[in-house]
Amino acid sequence: DSNCFVATMSVATFVINFRRIIVDEDLDGMAVDGVRNRDLLHAVVALYDQSLPDVTTDIIYSHVCRAASRSLLFIRDKEGTLQEMMEKHAKQQNRDKQETDVLNGEATAEDVLAQASGGGEVEEDGKDEAVLDDEESSGEEPGIFDDVYSDTESSEDSIESSDTEEDFSAGSKDFIAAVKHRRSLRNAGKFGDDCVGIESRLAGAASFERLVGKDELGVVQLSLIAVRKRYRRRGLGKRLINMIKDSSVISNFSCIIAYVDHGALKFFRKHGFTDDIIISSKFKHVSEHWENSTFMCYLPPYSDLITESSGKTAQDVAAFCMLDTDISEWRQMHLAAHQKQVVLIERMKHELLDMAVKIRTQELALSQLRAQVDELSQEKQHLAKELNDYRSQSHASFRSAVSSVAERFLGLALPTTEDDSTEEDSSEGVRNKSQ
């Protein structure tokens, strides 16, 4: 809880754990003086609901009320808010009176414009509440909290969300009814403590939680952030981001991650967030994915990683020591990687040489096998020729024998000479002897 001045507006800073103050503590307790915890929760959810139309109230309640979730709130003081309301009401009455005078002929339009131009800058910031809050509405299907920051009555019949194991939306109907009652009092000109609610004092909010990761310092996820439209361009968003980046607020961390709407990318880049693919890949696995958004992360400087509180000089020295350590580790890692590359290349070189030797040996073996194949082919041709000669001789001998048998047994034998008969007798004697 601290006070700060942003663009001539005083706000008090609160860091709230809604789960603890609502579930673990008395429901009627007050983390903010004069504001019930339930009403404070509903006001924060209503602000997110109006500023982030793509996110449902169920998701907002679940993220705001997580056990590890914390909400950073900027809340205006009650007296200052009431004074501003009274001034705006008086100015509105004055404008109405001037318009009436013009219609009745008691004043000219030039006089009214001259008086309005004298306080043009103040009038710009002091527009009627209904006009500004109507601009915050998305213009689409009415939501449960449209009546909190708007004068429209389109959501009068809104109902609370369905029952769950832990229904943090309980009491939202009563809260909306109280908001309408306070607005009716202000419209009637009845100003007092009863007409100022937390919905009129809440200027901005940001919800974050520390995620469990391998990094000893942890990763912080910025889940939701919003500034009421009438208080924008006063540095509230910048201060919210800077306070979340401040280690004294959320303790030391190694990275802040966020799923950012496309329309807010420029704002986050301006405050040090990056959507670099390589950097984001280191932290993207620790968080659940949000649709229609861009994953961004913020890496703090080394000075923010120092936990010692021994003075600025000591912190600077420690930061440089940490930087030197990281550079040394980076050098060792790259040296080890280079060594592995050299070893790999050397082993691949020897492997290629060994493969070349094996290829030459195989080529020699193939050459020898080809020579053997040629020799066997020649030998095969020689044997084939001998086989053909043998077949020819056998065929001629067979024909000769057949002719002899035919001549002998068919009486076709030719007359023989003495020599032939003598030879035949001798051969017959040899056959008888062998028998």
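Which helix is Met 355 found in? I started my notebook with that one, keeping in mind that this is a predicted model.

**Entry 1: Met 355.** I traced Met 355 to helix H14, which covers residues 312-409. Next I checked its cover: Met 355 has 41% relative accessibility, so I wrote it down as partly exposed. I also found Met 355 in a nonpolar surface patch, made together with Leu 352 and Ile 359. That patch comes to about 290 Å².

**Entry 2: the largest nonpolar core.** Then I went looking inside. In general, nonpolar side chains in soluble globular proteins tend to be buried together. Here I found that the largest nonpolar core has 43 residues. Those touching the most other members include Phe 18, Leu 41, Tyr 48 and Ile 257. Which helix gives the most to this core? I got helix H2, residues 37-51, with 8 residues.

Leaving out residues up to four places away in sequence, Leu 41 touches Phe 18, Ile 22, Tyr 61, Val 64, Cys 65 and Phe 168. I also noted a second, separate core of 26 residues, with Ala 203, Phe 208, Leu 240 and Ile 244 among them.

**Entry 3: Glu 199.** Is Glu 199 buried or exposed? I had to look this one up: its relative accessible area is 2%, and buried means under 20%, so Glu 199 is buried. I placed Glu 199 in helix H9, residues 198-201. What does its side chain make a polar contact with? I found the side chain of Arg 182, at 2.9 Å.

Methods. Residues numbered from 1 in each chain as written. Predicted model: local features only at pLDDT ≥ 70, side-chain atom pairs only at ≥ 80, totals over all residues. Heavy atoms only, no water. Helix = DSSP H or I, 4+ residues; strand = E, 2+ residues; numbered from the N terminus. Buried < 20%, exposed > 50% of the residue type's maximum accessible area, 1.4 Å probe, protein only. Polar contact = N/O pair within 3.5 Å; in protein donor to acceptor, adjacent residues only side chain to side chain. Core = buried A, V, L, I, M, F, W, Y, C linked by side-chain atoms within 4.5 Å. Contact = heavy atoms within 4.5 Å. Patch = residues over 30% accessible without salt bridge, like charges linked within 9 Å, V, L, I, M, F, W, Y side chains within 5 Å. Areas by Shrake-Rupley, 256 points an atom, 1.4 Å probe, with all protein chains shown as cover. Salt bridge = Lys/Arg side-chain N within 4 Å of Asp/Glu carboxyl O.
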